[in-house]
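Here is a friendly walk through one structure, from its salt bridges to its sheet and its cores. Keep the 3D view open as you read.

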Amino acid sequence: MAAALTAMAMITSRQHVPTTRNLHLSTAAIVRSFFSAQKHRYLVNYQSFNTNLNSSPSLCTKTAQATVSEIQRDKELLSVQCNVIDILEERGLIESITHQELRSACSNARTKPIKIYCGFDPTAESLHLGNLLAIIVLSWFQKCGHVPVALVGGATARVGDPSGKSSERPVLDEETISRNSGGIRMILEQILGKKIGTHDGNLGFHHSSAIVINNYDWWKEFKLLDFLRDVGKHARVGTMIAKESVKKRLQSEEGMSFTEFSYQLLQGYDFLHLFKNEGVSVQIGGSDQWGNITAGTELIRKVLQQEGAYGLTFPLLLRSDGTKFGKSEDGAIWLSASMLSPYKFYQHFIGIPDADVIIFLKKLTFLSLEEISELEEGMRKPGYVPNSVQRKLAEEVTCFVHGEEGLKEALRATEALAPGSKTHLDWKTIDAIANEVPSFLLSYNEVLNSSLVDLSVKAGLLPTKAAVKRLIRQGGLYMNNQRVDSEGKIIEAADIVDDKMLLLSAGKKNKLVVRIA
């Protein structure tokens, strides 16, 4: 018994990736050279457009010259010359792996691609910035010729993952889970591929290189007695309690319910199901998912008596001061355009400090490390324009999440909404940010021929007429991005944008939209 426990401990113990990379420098050098040579044409097919932001174009804005056959050749070349583990390691996207054999398993994607999955529980209608690293890692596997599988946790969301939580998650009803699952699936389809097949029991290449499935498909028919017999008997309570996420909760005042305690078995069985039925051999997740991932590799080894199941975790995305990156003062940074506009998403990255921008470029973009090094070097040179590298980061991430059109929308709004901008301002541009700034509804007759000073107070831009007049004298009041010089300014028909809106600004950041009914 002691020998068995010792062996099990050796298998499930966390194997941190070695910091020494000399063995992989040759492959990494090839990868860097490849991306540097191909960065103007590989994996993109977008028309360029003028950003007027005095920065190099986003990868998404470069015109691709490659034909379909050339792109396929590039993908085959990349899969032969690179090992995705080396790439992830160089970019700081690996914290731990369960077995060092994973590196060799990923070594020949052209002839033997592996299938890798990550789970996303639909606890909200949208994924958020904290989920982006998982999608980035899946995408790196995809770019290197492997097959990413995104698992929507329609079943596991009914239980709730206790990892990283100090209290139990609220129970979601069926309608909410269904709505959330649909929203998350849409985001994954948008980012990982435009054409993604539904699950039909075969995750082959006949649909797409990226697959989205829902674990409720197999859990809805799984009976409790069958689960206890087929899965529960292989679980050891001592091992389950030793998981870090469980220990922390057991030591808290609230403790942990049996429902949450069983979550690791549910996630473990997901891995077993995908391994057995679909040939998925790798599960990835954030560092807080280590216990759930190893529960799966152990279950596969015990139930199927097979090796070849691997786990990989990536570190949390942290700022240089050690705080978690991914939330703003207003809450989560959502990936869905319906919950957070591409403009607001873009602006979130513009505000990143210089101390963080380079590490975020490495982890959140697909720019070559050479190009990132050039950007870093440029920041130290005289004449560097502040926030230029932040704009590059914002472009790359916004295009990855929202596509070319989302990036165009963000750039148009950024340019048009800058105080003093001469860019034509239409109601659609104002409407794109209307949900992100305060707004006030008035009738057309209430606005036309009214005093701008009175309107500014009535709409809530400033508290008093004296404050408005003082701001005008200081040159800080703008209407539709044009500086207002007269305290006696009267609103004319030409001032109302498309007869629908006015944009008032007190300084550069304090904006207010007046909607015209």
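## A pair within one helix

Lysine 408 and glutamate 404 are about one helical turn apart, because four residues separate them in helix H18 (residues 388-416). Please keep in mind that this is a predicted model. The side chains of lysine 408 and glutamate 404 meet in a salt bridge, at 3.4 Å from N to O.

Is glutamate 404 buried or exposed? Its relative accessible area is 15%, so glutamate 404 counts as buried, the cut-off for that class being under 20%.

## Other salt bridges

How many salt bridges does a search of the whole structure find? The search gives 18. One of them joins the side chains of lysine 458 and glutamate 446, again with 3.4 Å from N to O. Here the pair links distant parts of the chain: lysine 458 belongs to helix H21 and glutamate 446 to helix H20, with the two residues 12 apart. Lysine 458 is partly exposed at 47% relative accessibility, and glutamate 446 is partly exposed at 39%.

Elsewhere, Asp86, Glu89 and Arg103 are linked in a network of salt bridges.

## The loop between H20 and H21

Let us return to the two helices that lysine 458 and glutamate 446 connect. Between helix H20 (444-447) and helix H21 (452-459) runs a loop, and serine 450 lies in it. With a relative accessible area of 15%, serine 450 is buried.

Which residues does serine 450 contact, leaving aside its neighbours within four places in sequence? They are Leu455, Lys489, Ile490 and Ile491.

## The five-stranded sheet

Now for the strands. An open sheet is formed by five of them, in the order E10-E14-E13-E11-E12, with mixed pairing. Strand E10 (439-442) and strand E12 (482-483) are at the edges; each has a single partner strand, so one side of each is left without a neighbour in the sheet. Helix H21 packs on this sheet, where it touches E10, strand E11 (477-479), E13 and E14. The direction of H21 makes about 115° with that of E10.

Strands of a sheet pair through backbone hydrogen bonds, either parallel or antiparallel. Which way do strand E13 (residues 501-506) and strand E14 (residues 510-516) run? They are antiparallel, and six bridges join them. Within this pair of strands, look for leucine 503, which stands opposite valine 513 in E14.

Helix H15 (residues 342-350) is mostly covered, with seven of its nine residues buried. These are Pro342, Tyr343, Phe345, Tyr346, His348, Phe349 and Ile350.

Phe349 turns up again in the largest nonpolar core, which has 71 residues. Which of these residues touch the most other members? They are Phe120, Leu188 and Phe349. Another core lies apart from this one and holds 30 residues, including Trp219, Phe261, Leu274 and Val280.

How values were computed
Residues numbered from 1 in each chain as written. Predicted model: local features only at pLDDT ≥ 70, side-chain atom pairs only at ≥ 80, totals over all residues. Heavy atoms only, no water. Buried < 20%, exposed > 50% of the residue type's maximum accessible area, 1.4 Å probe, protein only. Contact = heavy atoms within 4.5 Å. Pairing = 2+ DSSP bridges. Axes fitted to C-alpha atoms, helices over the stretch in contact; angles between N-to-C directions. Core = buried A, V, L, I, M, F, W, Y, C linked by side-chain atoms within 4.5 Å. Salt bridge = Lys/Arg side-chain N within 4 Å of Asp/Glu carboxyl O.
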